[in-house]
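Student: Please take me through one part of this structure, up close. Keep it brisk, and tell me how each term is defined.

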Amino acid sequence: MSRLAMLGGTPAVPAGSTDPAATDWPVVTEAEEAAVLRVLRSGRLTATAAGEPEIVALEREWAEYAGVAHCVAVGSGTAALQVALAAAGVRPGDRVVVPALTMNATAHAVRQCGAEPVFADIDPDTYTLDPTRVPEALTARTTALLPVHLHGLPADLDALRSAAPGLAVVEDAAQAHGASYRGRAAGALGLAGCFSLHPSKNLPTCGEGGLITTDSDEVHRAALALRNFGERPPVRTRSYIAHGPGGNARLGPVQAAFTRCQLERLPEQTKERDRVVGAFLGRLAELPGLRVPVVPADRTHAWHILRLRLVPAKLGLPGVAPAAVRRVLHRALRAEGVPLSQYQVAPLPAHPAFRPAGLSVDEIAERFPVAGATVDGTLCLQRRQLNPAAGPVLQAYARGFEKVWEHLPVIRDMVRAQPSDDWRRALAGEAR
Ligand SMILES: Cc1ncc(COP(=O)(O)O)c(C=O)c1O
């Protein structure tokens, strides 16, 4: 049996042994280059340039793809969330329910509206907002739910709506382009949907960008105004008259033109990614103590991030802290050439910016046990699986996992030598 790379053996996936182009993301072709050049040569370099065609075309194409009446392109996914929440009626002093595990942007957007995020724990299988934990987060001032389709799997929108009847639902679909729930696309499930076009996302741009989707004429009108200084869309020329609140949340035409090229390939890429990721996860599912993502039968997954849950008891480590298991396996797999990374190091309500007044980190750990256990007990692969050509590379990573699993007795010894702690250690390091 070959030695573990972390103990001096040859890595299962040696540097340079896989085709780097197979994991490049975004895929940039001559089509993107020509599209960007077309914009530069047009002289129409902002959304407000008279006759600007790229942004309106992207909005039309994305609305059609998502199966909604309207799309509003904005400057980032965070701007999409802030504008959509405000357009959906979230006002200063309101409360908005946010899952305890997500990117910090989700909660920042609520604050940018003058509202306060109230956190609810996530479901241990789907990693999305747990409908059974929503009622305890509701107050008389709660006006909206902001479920996150984390890692590309839609949250259980029907159950969430039943748990909070009458509240506006704004989807954080920043990671879920191309995913669906009960036959409808992510972004078409709530009052509004919000997407990021960050280059790391399944539908990328060159730079920053975001998209809002909605079927509501009212939300659409409000979002257009909020995006552009509270002005009404010009009939012929821009008036610069502010009719209400707003700012500059506009997308640029270069970014729109780039994303339109990406969108042409999105359906095919989503299908192919599903196939190659499925083959990869199928192999990992054979390893004891490693649980691959669950995809409920009523949903499709966009596979933006692959999160793998470790089950210490099934790894022969009953009663051992999951964080200790994760730390050792993370190091061992990275040494084998599997480029794992950690997606979120602490539940969001534990971040100093969002910690509810008067709650200690220990109380946060008690209140959001699933978010904490997810941070502690899972491994993540990001970005490498986005390019649909990554199939052979993912198969090489699967070999890396299988090799490490052949060495479980050594791994167990290393784990037992680890401190028995959890995510609070990472947070303590941040307190410096
Ligand atoms: C779940 C989630 N929400 C919001 C955002 C914010 O998007 P952006 O970086 O485009 O502002 C991100 C981006 O990482 C995200 O992953």
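Tutor: H351 is buried, with a relative accessible area of 18%. Buried means under 20% relative accessible area, exposed means over 50%, and partly exposed lies in between, using a 1.4 Å probe and protein chains only. The model is predicted: local features need pLDDT of at least 70, side-chain atom pairs count only at pLDDT 80 or more, and totals for chains, interfaces and linings use all residues. Residues are numbered from 1 along each chain as its sequence is written, and side-chain values use heavy atoms, with hydrogens and water left out.

Where does H351 sit? It is in the loop between α8 (322-335) and α9 (361-367). Helices (H or I, at least four residues) and strands (E, at least two) are DSSP runs, numbered from the N terminus. Setting aside neighbours within four places in sequence, H351 is in contact (heavy atoms within 4.5 Å) with N104, Q344 and A346.

Now turn to the sheet. Seven strands form an open sheet with mixed pairing, in the order β1-β9-β8-β5-β4-β2-β3. β1 (70-74) and β3 (116-120) are the edge strands; each has a single partner strand, so one side of each has no neighbour in the sheet. On average, neighbouring strands of this sheet are turned by 25° against each other, direction ignored. Two strands pair if DSSP finds at least two bridges between them. Strands of a sheet pair through backbone hydrogen bonds, either parallel or antiparallel.

Look closely at β9 (210-214). Five of the five residues of β9 are buried, so the rest of the structure largely encloses this strand. G210, I212 and T214 point one way from β9, while L211 and T213 point the other way. On one side, β9 pairs with β1 in the antiparallel sense over five bridges. There, A73 has L211 as its bridge partner. β9 also pairs with β8, again antiparallel, over four bridges. Here S196 is bridged to G210.

Move on to β8 (residues 192-196). It pairs with β5 (residues 168-172) in the parallel sense over three bridges. E171 stands opposite G193 in β8.

Two helices lie across these strands. Helix α6 (residues 217-227) lies across β1, β8 and β9, at about 15° to β1. Axes are lines fitted to C-alpha atoms, for helices over the stretch in contact, and angles run from 0 to 180 degrees between N-to-C directions.
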